[in-house]
Amino acid sequence: MTKSAVIIIHPPAPTGLDAQKTGERIKSLSLQAGYTVKQLHAELGAGIQTIYAWFSGKTLPSLDMLFQLSSLLGVPIDEMAVGTPRQVCFWLDMEEAGTDRVKEHMWKYLKYALMKPD
C-alpha cells in the first residue's frame, strides 16, 4: 500500500490595502452579482460618481459602506478589501517524496501557483 499526504500551503496574507485592486474587486464583484452603477446607487444611497471613484481606486468606501456592500454582494469585507489569499493544495506520494524529480516539480508548481498575478 502506497502512503500519500496532502500538502496545503497558505501564502502570507496581504499587509495593506491597495486602493486600485480593491476598486477592481468591488467592480468585479458588483458585476458578478448583477448590479449596475445605478442599481448600487439606489441600494446604497452613494452617489454615482462616488461609486465610479471606488471602481477606479481613486477613493475607498467608508467602513460603513464596505459593510453595506458586503451584505449586498454576499462577500466578506476582507475578501472585498484585500482579496482571497491563494492556497495551494496537492497530493504527494510518500515513496517518491525525497526524490529530486518530485522536489523539482513541487518547486515549479509552487512558483507558478503562488506568484502568478491576480
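Predicted model: local features only at pLDDT ≥ 70, side-chain atom pairs only at ≥ 80, totals over all residues.
Residues are numbered from 1 along each chain as its sequence is written, and side-chain values use heavy atoms, with hydrogens and water left out.

The chain contains six helices and two strands, these elements being DSSP runs numbered from the N terminus (helices, H or I, at least four residues; strands, E, at least two). Their order from the N terminus is β-α-α-α-α-α-β-α. Of the 118 residues in the chain, 26% are buried, where buried means under 20% relative accessible area, exposed means over 50% and partly exposed lies in between (1.4 Å probe, protein chains only). Among contacts in the chain with a separation of 6 or more, 68% join residues 24 or more positions apart, contact being defined as heavy atoms within 4.5 Å.

The largest nonpolar core comprises 15 residues, of which Leu44, Ile51, Trp54, Leu69 and Met80 touch the most other members. Two or more residues are given to this core by each of α1 (19-32), α2 (37-44), α3 (48-56) and α4 (63-73), and α4 gives the most, with four residues. Such a core is a set of buried Ala, Val, Leu, Ile, Met, Phe, Trp, Tyr and Cys residues joined through side-chain atoms within 4.5 Å. In soluble globular proteins, nonpolar side chains tend to be buried together.

The axes of α2 and α3 come within 9 Å and cross at roughly 115°, which makes α2 roughly perpendicular to α3; axes are lines fitted to C-alpha atoms, for helices over the stretch in contact, and angles run from 0 to 180 degrees between N-to-C directions. Angles under 35 degrees count as roughly parallel, over 145 as roughly antiparallel, 65 to 115 as roughly perpendicular and the rest as oblique. The contact involves Val37, Lys38, Leu40, His41 and Leu44 of α2 together with Ile48, Ile51, Tyr52, Trp54 and Phe55 of α3. The axes of α2 and α4 are 11 Å apart, and the two helices pack at an angle of about 115°; α2 and α4 are therefore also roughly perpendicular to each other. In this case the contact is formed by Leu40, Glu43 and Leu44 of α2 and by Met65, Gln68, Leu69 and Leu72 of α4.

Within α3, the residues Ile51, Ala53, Trp54 and Phe55 are buried, and the cover over the buried residues of this helix includes α1, α2 and α4. Ile51 touches Val37, Leu40, His41 and Ala46, residues up to four places away in sequence not being counted. Phe55 counts as buried because its relative accessibility is 12%, and the C-alpha atoms of Phe55 and Gly23, 32 residues apart along the chain, are separated by 4.2 Å. With neighbours within four places in sequence left aside, Phe55 is in contact with Gly23, Glu24, Ile26, Lys27, Ser30, Val37 and Leu40. After α3 comes Gly57, whose phi is positive, near 85°.

Ile26, in helix α1, has 1% relative accessibility and so counts as buried. Not counting residues up to four places away in sequence, Ile26 touches Phe55, Pro61, Leu66, Leu69 and Met80. Tyr35 lies in the loop between α1 and α2 and, neighbours within four places in sequence aside, is in contact with Ser30, Leu40, Glu43, Leu72 and Leu73. The C-alpha atoms of Tyr35 and Leu73, 38 residues apart along the chain, are separated by 8.9 Å.

Ile77 is located in helix α5 (residues 77-82) and, at 27% relative accessibility, counts as partly exposed. Ile77 touches Leu66, Phe67 and Ser70, again not counting residues up to four places away in sequence, while the C-alpha atoms of Ile77 and Leu63, 14 residues apart along the chain, are separated by 9.1 Å.
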